[in-house]
Amino acid sequence: MAKARAKGRPRLSKRTLPSKTCPVCERPFDWRKRWEKVWDEVKYCSERCRRAARTR
Ligand SMILES: [Zn+2]
């Protein structure tokens, strides 16, 4: 009965890191270890972009 394992449900692996797009430079950036605890709050790819967004 149990055939090959279902396709299309990739497991979370270390390679599938979450990513976001920076609204300032419009480039995608990936999850980083240093953002482990604040990922939900991270909006910009770098400190520089973060400041650029606030300076406007
Ligand atoms: Zn950026």
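**Entry 1: confidence**

The mean pLDDT of the protein is 86, and 75% of its residues reach 70 or more. I then looked up the elements: β1 has the highest confidence, at 97. Helix α1, residues 47-55, has the lowest, at a mean of 93. A reminder to myself: where pLDDT is low, the predicted coordinates should not be read in detail.

**Entry 2: the overall layout**

Next I went through the secondary structure, which comes to 1 helix and 2 strands. Reading from the N terminus, I get the order β-β-α. I also looked up burial, and 2% of the 56 residues count as buried. For contacts with a separation of 6 or more, I noted that 20% join residues 24 or more positions apart.

**Entry 3: glutamate 26**

Where does glutamate 26 lie? I found it in the loop between β1 (19-21) and β2 (28-30). Is glutamate 26 buried or exposed? Glutamate 26 is exposed, because 9 other C-beta atoms lie within 10 Å and the cut-off for exposed is 12 or fewer.

**Entry 4: valine 42**

I moved on to the loop between β2 and α1, the place of valine 42. I counted 16 other C-beta atoms within 10 Å of valine 42, so this residue is partly exposed. Which residues does valine 42 touch, leaving out those up to four places away in sequence? The answer is Lys20 and Trp35. For lysine 20 I also looked up the C-alpha separation from valine 42, and it is 8.7 Å, with the two residues 22 apart along the chain.

**Entry 5: arginine 50**

My last stop was helix α1, where arginine 50 is found. Arginine 50 has 15 other C-beta atoms within 10 Å, and therefore it is partly exposed. How many residues apart along the chain are arginine 50 and cysteine 22? They are 28 residues apart, and their C-alpha atoms are separated by 9.2 Å.

Conventions: Residues numbered from 1 in each chain as written. Predicted model: local features only at pLDDT ≥ 70, side-chain atom pairs only at ≥ 80, totals over all residues. Helix = DSSP H or I, 4+ residues; strand = E, 2+ residues; numbered from the N terminus. Buried ≥ 20, exposed ≤ 12 C-beta atoms within 10 Å, placed from the backbone. pLDDT = per-residue confidence, 0-100. Contact = placed C-beta atoms within 7 Å.
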